[in-house]
Amino acid sequence: MKENKIPYKIYLEEKEMPTAWYNMRADMKNKPAPLLNPGTMQPMSAQELSGVFCEELVRQELDDTTAYFEIPEEIRSFYKMYRPAPLVRAYCLEEKLDTPAKIYYKFEGNNTSGSHKLNSAIAQAYYAKKQGLKGVTTETGAGQWGTALSMACSYFDLDCKVYMVKVSYEQKPFRREVMRTYGASVTPSPSTETEVGKKILAQFPGTTGSLGCAISEAVEAATTREGYRYVLGSVLNQVLLHQSIIGLETKAALDKYGIKPDIIIGCAGGGSNLGGLIAPFMGEKLRGEADYRIIAVEPASCPSLTRGTYAYDFCDTGMVCPLAKMYTLGSGFIPAPNHAGGLRYHGMSSTLSELYHQGLMEATSVKQTDVFKAAESFARVEGILPAPESSHAIKVAIDEALKCKETGEEKTIVFGLTGTGYFDMVAYEKFHDGKMTDYIPSDEDIRATTSKLPKVE
């Protein structure tokens, strides 16, 4: 066993918690492209966006010059129930791998939602309540975001309507019941409750759904109900802003012991976890103060960064949302029933897409069975059953640690452990029973949807 000069768990004190969120866009010379109105193909105005989102969240969404946003006291007080979250030195994993690498992970699973999603859910619910709204609508994939939002809405006495991707709704009944416990109504998507849901079902009979489908339904439900707004758990700039608390805490914990990471790894679906984890480190990189190797890890079944096209596309399958410039597989792309439900999105955050396009971070995709092998190895030595999404980062962290074993380099690796996998046991069961498969879309599959990208001059 290595000498434990660094604690297994590095905790910040309450007084050391961040008091402001960090906005990466403020330090980007080339800003992310603006959202476009699908009717006019012109940048969306604050007034247009306010018909869908809460007013304060629209302000945060459009602001690419303010570096720090103060976290309201009510949100900081809520954070203290489960934050600061620990930064863990993975001594047991290092020993198992026999690697000279030093491995750390930021653990975000120590709340009932089981993930990092609560960081933004409580912020969005707070602003909805402050605006005097009756409730909010949203989509959820694996169910972590829906669970987090149901908790946040319960705290602020808001109605919560969740459209859950059908395959996850069926595979994860316990996650669904947690949402209902907190007062949310949950509908499998696509459904017959909305016009766009009916349209998708007519076009794709028997579909297992996607995040893009669920977003379409949630937006329609919000815009057709008085006193409701739509909230989103990933992709948007405002969400990455709220999630920056992950990276800010991580950096503060590392700085406490004079540790500088060489490699920072995060799983990537829409971008909330990855963007939050890398925020302060990318800020240093953008300002020329430090350099880091940053790796986004996505599923091979839904490889938006590694195989997508950088272009304007609809954020949803039903084509009712604004267009975002991002790495995309096409809004009509519906991935196979991958168990990493939170990563089943056809596109990537505009902010992260622009950073990737500039070469400021890397991206790689990994197969599902390899991900679960890594998850199992991690669970057996570190004592935490990881979520399938988080396990994508674990897989690449292990790979990088084994490279250090080959070369003898003592690199410091930090990855995001976004949450726990206790509601994902159907996936683990299929892996153990040998029923899990590795679906990888063909070039033809991807061309079929990217060829239909909207034409933007």
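How many bridges join strand β6 to β9, and which way do the two strands run? I started my notebook with that one.

**Ground rules.** I am working on a predicted model, where local features need pLDDT of at least 70 and side-chain atom pairs count only at pLDDT 80 or more, while totals for chains, interfaces and linings use all residues. I number residues from 1 along each chain as its sequence is written, and side-chain values use heavy atoms, with hydrogens and water left out.

**Entry 1: the sheet.** I found 3 bridges joining β6 (residues 135–140) to β9, and the two strands run parallel. Strands here are DSSP runs of E with at least two residues, helices are runs of H or I with at least four residues, and both are numbered from the N terminus. Two strands pair if DSSP finds at least two bridges between them. Within this pair, I see Gly135 standing opposite Tyr228 of β9.

Zooming out, I get an open sheet of 4 strands, ordered β8-β7-β6-β9, with parallel pairing. β8 (185–189) and β9 (228–230) are the edge strands, each pairing on one side only. From one strand to the next, the twist averages 20°.

I then checked which helices pack on the sheet. Helix α8 (residues 173–181) does, touching β6, β7 (159–165) and β8, and its direction makes about 170° with that of β7. Helix α10 (residues 211–223) does too; α10 touches β6, β7, β8 and β9, and its direction makes about 170° with that of β6. For the angles, axes are lines fitted to C-alpha atoms, for helices over the stretch in contact, and angles run from 0 to 180 degrees between N-to-C directions. Touching, or contact, means heavy atoms within 4.5 Å.

**Entry 2: helix α9.** Which residues of α9 (residues 195–203) are buried? I noted Val196, Gly197, Ile200 and Leu201. Buried means under 20% relative accessible area, exposed over 50%, and partly exposed in between (1.4 Å probe, protein chains only). Looking down the axis of α9, I see its buried residues fall within an arc of 135°, so they line one face of the helix. The arc is that of the directions from the helix axis to the C-beta atoms. As a reminder to myself, an α-helix has 3.6 residues a turn, so residues three or four places apart point the same way. The buried residues of α9 pack against α7 (166–171) and α10. On the other side of α9, Glu195, Lys199, Ala202 and Gln203 are exposed.

Entry 3: I found its side chain in a polar contact with the side chain of His242, at 2.8 Å. (A polar contact is a pair of N or O atoms within 3.5 Å; within protein, one must be able to donate a hydrogen and the other to accept it, and residues adjacent in sequence count only if both atoms are side-chain atoms.) Not counting residues up to four places away in sequence, Gln60 touches Trp21, Arg25, Phe69, Tyr127, Gln238, Leu241 and His242.

That list sent me to Tyr127, in helix α5 (residues 118–130). Tyr127 is buried as well, at 7% relative accessibility. Leaving aside neighbours within four places in sequence, its contacts include Trp21, Gln60 and His242. Tyr127 and Glu55 sit 72 residues apart in sequence but 8.0 Å apart in space, C-alpha to C-alpha.

**Entry 4: cores.** A nonpolar core is a set of buried Ala, Val, Leu, Ile, Met, Phe, Trp, Tyr and Cys residues joined through side-chain atoms within 4.5 Å. The largest one has 38 residues, and Met24, Ile278, Met282, Leu352, Leu355 and Met361 touch the most other members. α11 (237–256), α12 (272–286), β11 (293–299) and α14 (350–357) each give two or more residues to this core. α12 has the largest share, 7 residues. I also looked up Ile278, which touches Met24, Ile264, Ile294, Leu352 and Met361, not counting residues up to four places away in sequence. A second, separate core has 37 residues, among them Leu118, Ala121, Ala128 and Met164.

Entry 5: Which peptide bonds did I log as cis? Arg83 to Pro84 is cis, with omega near 0°, and Pro84 is in the loop between α3 (73–79) and β4 (87–89). Ser189 to Pro190 is also cis, with omega near 5°, and Pro190 is in the loop between β8 and α9.
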